[in-house]
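Trainee: Could you walk me through reading this model, one feature at a time?
Mentor: Gladly; let us look at it together.

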Amino acid sequence: MSKPLDGIKIIDFTHVQAGPSCAQQLAWFGADVIKVERPGSGDATRTSLRDIPDADALYFTMLNSNKRSLTLDTKKAEGKEVLEKLIRQSDIMIENFAPGALDRMGFTWEYIQSLNPRLILASVKGFSDGHFYEDLKVYDNVAQAAGGAATTTGFWDGPPTISGAALGDSNTGMHLAIGILAALQHRHLTGLGQKVAVSMQDAVLNLCRVKLRDQQRLERTGVLEEYPQYPHGTFTDVVPRGGNAGGGGQPGWILKCKGWENDPNAYIYFTIQGTAWEATARAIGKPEWVTDPAYATAKARQDKIFDIFAYIETWLADKDKFEAIEILRKFDIPCGPVLSMKEIAYDESLRRSKSIVEVDHKVRGKYLTVGSPIKMSGATVEITPSPLLGEHTDEVLAELGYNATQIAAIHSAAAV
Ligand code: COA
């Protein structure tokens with residue numbers, strides 16, 4: 001079966017997570033992705049957080065599947081020449097080095113365009129061009145802090161909190177992939193490549209748009225009715241941290257189930273959907289709340305929403321999270337279990353949908369990785385293990401037209 005990006009060649013000049021996640025997604029769509037790495041060391045994630053001595057770390061293997069690895073010292077003349085050849089023959093180059101690093105290497109946008117006007121250059125930086133902080137090196141958590149996620153995550157009596165989801169890294173990578181695909185389509189119309197840039201701050205902010213919504217509502221009305229602070233607490237002039245409140249118009253919270261005293265994940269997320277109130281009241285054994293004016297409308301429930309959640313927790317006290325969901329799903333109530341990473345790792349549904357797959361790596365053996373979250377009826381994604389450092393160097397150099405003597409010369413120049 002053909003793949004959407006068959007025939008598209010990508011130079012993956014990225015490292016750590018934001019850039020690699022983007023290139024990996026495009027590799028899953030069928031592009032030929034050549035990861036360019038520094039000889040001897042490669043992407044720093046090959047060795048960070050290692051769990052097996054001398055084997056590529058999971059941090060690397062889970063972000064670089066379906067790619068080929070080419071080692072090149074792009075600060076040396078021999079390496080630069082190879083990169084130039086690659087640029088001439090490729091469709092896309094992705095990079096996420098520190099601001100200015102590509103220019104310092106000699107690969108300015110103008111120079112890249114002169115080599116191949118059809119090439120799409122896609123970059124991730126911490127902050128956008130011209131931003132007050134444009135020169136900063138940035139990792140995920142800084143972007144979460146500067147993009148609005150940290151200030152709005154956590155509880156009101158605790159500090160700003162970082163999400164376990166890589167909102168600054170993989171999220172930015174996915175934004176970049178969208179930009180690249182749009183630029184590819186634009187190239188069909190114009191024949192020209194272009195520069196695509198996504199800042200990590202912007203990518204986080206894009207996911208925090210509902211909080212920017214709330215800031216404006218707060219400035220107009222002084223309160224945010226769906227936040228736990230209303231009506232009993234106080235508001236200042238900034239959006240407060242809302243704990244586990246739902247971000248939309250339907251109140252929700254994380255509720256304890258049977259066993260929570262010993263199991264940190266014995267919880268469900270419970271949403272009180274306005275239109276499902278009758279079903280909700282019946283499901284939790286309070287049918288009288290359907291007609292009781294003190295509970296019958298969302299407005300009436302507002303000032304006692306935490307009493308209602310407290311009551312639901314008493315109802316949940318003798319049900320584990322899975323038993324609770326089995327009951328609630330029959331009433332069509334929007335809810336779901338809090339799943340631990342262990343439960344996710346061994347979840348049969350996620351294995352069936354290939355959202356989690358097991359692959360066999362030459363050195364480390366079998367490991368779990370995420371599969372493509374994007375499912376398409378016209379193409380399937382087979383996850384292949386990440387490449388060893390420089391595994392495909394000779395193969396790629398030969399494809400670029402180098403003979404054995406020239407390849408040996410490139411290797412010895414890199415070793416000096
Ligand atoms: N051959 C020769 N030199 C290479 C090379 C290669 N194959 N690959 C990279 N380099 C060089 C770079 O040119 C750079 O050299 P310079 O500092 O002399 O210009 C050097 O390696 C270091 O690159 P840098 O990007 O500064 O790495 P770092 O480890 O110091 O910083 C980040 C890491 C992630 C903080 C930084 O790259 C960054 O801020 N990137 C943009 C934002 C981003 O993507 N962050 C998220 C990462 S998940």
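Mentor: Helices (H or I, at least four residues) and strands (E, at least two) are DSSP runs, numbered from the N terminus. This is a predicted model, where local features need pLDDT of at least 70, side-chain atom pairs count only at pLDDT 80 or more, and totals for chains, interfaces and linings use all residues. Residues are numbered from 1 along each chain as its sequence is written, and side-chain values use heavy atoms, with hydrogens and water left out.

Trainee: What span should helix α18 have, and how far apart are its end C-alpha atoms?
Mentor: Helix α18 covers residues 404-415, twelve in number, so at 1.5 Å a residue it should span 16 Å; the end C-alpha atoms are 17 Å apart, which agrees.

Trainee: Which residues of α18 are buried?
Mentor: Buried means under 20% relative accessible area, exposed over 50%, and partly exposed in between, using a 1.4 Å probe and protein chains only. In α18 the buried ones are Ile-407, Ile-410 and Ala-413. Viewed down the axis of α18, these buried residues fall within an arc of 125 degrees, so they line one face of the helix. That arc is taken from the directions from the helix axis to the C-beta atoms. On the face turned away from the buried side, α18 carries the exposed residues Ala-404, Thr-405 and Ala-415.

Trainee: What covers the buried residues of α18?
Mentor: Contact means heavy atoms within 4.5 Å. The cover includes α3 (77-89) and α17 (393-399).

Trainee: Which side-chain oxygen reaches a backbone nitrogen at the start of α18?
Mentor: A polar contact is a pair of N or O atoms within 3.5 Å; within protein, one must be able to donate a hydrogen and the other to accept it, and residues adjacent in sequence count only if both atoms are side-chain atoms. Here a side-chain oxygen of Asn-403 comes to within 3.1 Å of the backbone nitrogen of Thr-405.

Trainee: Which residue does the "active site" annotation cover?
Mentor: With such records, keep in mind that UniProt positions are given in the numbering used here, feature names are shortened, and annotations may be inferred rather than shown by experiment. The unreviewed UniProt entry gives "active site" for Asp-169. Asp-169 sits in the loop between α7 (149-152) and α8, and at 7% relative accessibility it counts as buried. Among the residues Asp-169 touches, leaving aside those up to four places away in sequence, are Gln-17, Tyr-59, Asp-140 and Met-200.

Trainee: How many residues surround the ligand?
Mentor: A residue is near a molecule if one of its heavy atoms lies within 4 Å of it. The ligand is surrounded by 25 residues, of which the closest are Arg-38, Lys-75, Ala-98, Lys-137 and Val-138. A polar side-chain atom of Lys-75 is 2.6 Å from a ligand oxygen atom. Backbone N or O atoms also take part: one of Asn-96 lies 2.9 Å from a nitrogen atom of the ligand, and one of Val-138 lies 2.7 Å from a nitrogen atom of the ligand.

Trainee: Where is Asp-12, and is it buried or exposed?
Mentor: Asp-12 belongs to strand β1 (residues 9-13) and is buried, with a relative accessible area of 0%. The side chains of Asp-12 and Thr-14 are joined by a polar contact of 2.5 Å.

Trainee: What should I look for in the backbone angles?
Mentor: Most residues other than glycine have a negative phi, and most peptide bonds are trans. Val-16 is not a glycine, yet its phi is positive, about 60 degrees; Val-16 lies in the loop between β1 and α1. Leu-49 also has a positive phi, near 60 degrees, and is exposed, with a relative accessible area of 73%. Finally, Tyr-230 and Pro-231 are joined by a cis peptide bond with omega of about 5 degrees.

How values were computed: Expected span 1.5 Å × (residues − 1).
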